[in-house]
Amino acid sequence: MTRRRSPKFDAVTPLGLTLRYTALCVVLLITIGPMLWELSTSLKSPFEDVYSSTPQLLPRHPTLHNYDLVAQTIPIWHFAENSVLVAVLGVGGNLVGATAAGYALARLRFRGRRLVTGLFLSTLVLPGEVTIISQYQTVTKLGFGDSLIGVALPGMIGAINVLLIRNAFRSIPDELEDAAVIDGANVWQRIRYIGLPNVKGILSVVAILSFIAAWDDFLWPLLVLQSPNKLTLTVGLSYLQGEFSADPRTIAAGTMIALVPILVLFAVLQRFFFRGVGEGAIKG
Amino acid sequence: MKAHRWYTPWLLVVPALAFLGAFSLWPAINTLLLSFTNVHTLTGGRFIGAANYTRLWHDPQLWDAIINTLLYMAVCVPLLTFLPLLLAMLVQRTLPFMGFFRTVFYFPVIASAVTVALIWQWLLDDRGLVNDLATEVGVVHKAVPFLEDRWLLLFSAIALTVWKGLGYYMVLYLSALGNVRRELHEAAAVDGAGGVRRFWHVTLPGVRGTTLLVSILIGVSAMRVFTELYILGGSTGGIGGQDVSLVFLIEQYGSGFDGQLGYASALSVLLFVLTAVPLIVLARLNRRNEG
């Protein structure tokens, strides 16, 4: 699609470009500068002065020593496994549970459908922190206190995900599904061959967001977990801070172990994320 | 024509409904009930009327938390409503590397609050990068106690929240900007309106709905602040215990083996009232304006 461009409005002047890219680079520096500084600190050897009044971005003798050191002090790789487990449970639960409910609410007629949709909507005005104490009591009574299942459980089917997926299913034209019904396709076949292929965009957004939410969550695992070997990365790191107030290099190494995987994952999947977010905005 | 059996929809909905009931609806009711009791984590409790609520009124830390939250809102709402819009305008045009900038600007959103707070803690340390550079340039002669002073700590946490939120609201504005009609910009340009005037008279009115939504979202998230303060100031809420938020107090009272679930629940009800009431009022006003 070519649009007629009015030169006055759209012209890319060298000055305009320079200003734009300068501004972008300043923001870039503010955004990832702190992260790069932390990365650099994590690679500095114990013999290099990290407090120097003339800051050095590039470590003089880069070393992975600090990563060994942090793993010797807390079982950080085990914490990472715990975080992955919680995140995978969150992604799986939402993809299955929220998709099933979203489909039924969008495409199947049944008594009580509006009431059920209303219930899901009503919890959106309820910040999660409001119910966290009572949730903690519930999870403890169910016998999942101080366990990774207990950490994962409340986030496994999110109301917002049910509603997002429901909206995506609603935008499929009725004729498509009516034709399948006439051809004798049952509900499972219609979900499999008509529903799912049309909501892939929002499913990838839900999957990415659930993974990040679980990986980053702090308050809830902090409440639920007590045993030192069951901690997730975020909670483990918050304890590391107390033990290591003396050495910023080790804390930096721990921080990088939590930070780098999620950023890499996002950078790889960002295409699907931004595309899905765009689709969601259009279909509303 | 029979499209499905009567129980099929329920089969699909029940798992999600069970989770909603167990982890949202019941906890909401239970929080209200608990707030009138003195239940502790390990011991049961009994009905004590409104005692928790009178205690709220006399809790000096709660007043600190409310003052902090108001300051949080006063700084975050204007900054995070305005700056991400500018940022979205910078990355909106199809020019080389825009995808790269967009993705990297989103990095602080993806990173967990714990990791970025640890990163900032090192930056703002007495002997950290910020103080080094400031001393080097000669802006200050003595290290600034960002993480020790009651107010500096609060404003450091606010700055961190703004830094972390920029990318999130940028993405919301990006889809709104996509819907601003190009023809309007072109017409304005033909009429001789410069960049600044087009921003005020075309772009801003075009994204007004999003601006309102964004400022509400920021207000609500300012009410829910926790991790930034907890990591930067430590589990006590700064040296004097004054750098706390409502969620901070809920965690402090409700956690551990001797957690005071009753009092923490009263705090939770207060949090709900302070968050939901403005939301409902805004929604009403909005509906009246449209109707």
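Which residue forms a salt bridge with E129(A)? That partner is R224(B), and the closest N and O atoms are 2.7 Å apart. A salt bridge here is a side-chain nitrogen of Lys or Arg within 4 Å of a carboxyl oxygen of Asp or Glu, and the count between chain A and chain B is 1.

Before going on, keep in mind that this is a predicted model, where local features need pLDDT of at least 70, side-chain atom pairs count only at pLDDT 80 or more, and totals for chains, interfaces and linings use all residues. Residues are numbered from 1 along each chain as its sequence is written, chains are lettered from A in the order in which they are written, and side-chain values use heavy atoms, with hydrogens and water left out.

Now look at where the chains meet. On chain A, 97 residues are in contact with 89 residues of chain B (contact means heavy atoms within 4.5 Å).

Next come the aromatic rings. Rings of Phe, Tyr and Trp (for Trp, the six-membered ring) pair if their centres lie within 6.5 Å; planes under 30 degrees apart are stacked, over 60 edge-to-face, and the rest tilted. Over all chains, the structure holds 27 such pairs. Y51(A) and W122(B) are edge-to-face because their planes sit at 75°, with the ring centres 5.8 Å apart. W122(B) is buried at 7% relative accessibility, while Y51(A), at 22%, is partly exposed (buried is under 20% relative accessible area, exposed over 50%, partly exposed in between, with a 1.4 Å probe and protein chains only).

Finally, Y21(A), F100(B), F101(B) and F105(B) form one aromatic cluster.
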